[in-house]
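Hi,

Here is the structure I promised to pass on to you. Have a look at it first, and then read my notes below.

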Amino acid sequence: MPSIRDTYMDDYGISERETRDLEELCKTAQGKELMWVLESAQNANPLIASEIFANLTLGLGYDRLSQTSFIPMQRKDFQGYRRRALKNLSDRLTMEKQKKNLKISSF
């Protein structure tokens, strides 16, 4: 696997369409889904989790965030951790869907 900065969504097996859907979910998430976005950001990189969370949910870019928060890495690294957070969220959604299907099929 390439370094975080050189790992893209297709390296994770996630299509452009799925990426757009994940990004839209982040911007509209509420309740449990919002917690999953935060957990995904924390698992991607705890040091910059709040900045990744703001980026995903509010659409604030690296340049805007770095004006008010110290981000101890370059933009390319930040974007890599952002992509990892989206991958984490995708995995979480897949797991939740499987759990839901398992509960339904057990009746």
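Arg 17 and Asp 21 form a salt bridge, with their closest N and O atoms 3.8 Å apart; the term means a side-chain nitrogen of Lys or Arg within 4 Å of a carboxyl oxygen of Asp or Glu. Please keep in mind that this is a predicted model, where local features need pLDDT of at least 70, side-chain atom pairs count only at pLDDT 80 or more, and totals for chains, interfaces and linings use all residues. Residues are numbered from 1 along each chain as its sequence is written, and side-chain values use heavy atoms, leaving out hydrogens and water.

Both Arg 17 and Asp 21 sit in helix α1, 4 residues apart, about one turn of the helix. Helices here are DSSP runs (H or I, at least four residues), numbered from the N terminus. Arg 17 counts as exposed because its relative accessibility is 55%, while Asp 21, at 42%, counts as partly exposed. The cut-offs are under 20% relative accessible area for buried, over 50% for exposed, and partly exposed in between (1.4 Å probe, protein chains only).

Which residues of α1 are buried? They are Thr 19, Leu 22, Leu 25 and Cys 26.

The whole structure has 9 salt bridges. Another one joins Asp 63 and Arg 75, at 2.4 Å between the closest N and O atoms.

Enjoy exploring!

Notes. Helix = DSSP H or I, 4+ residues; strand = E, 2+ residues; numbered from the N terminus.
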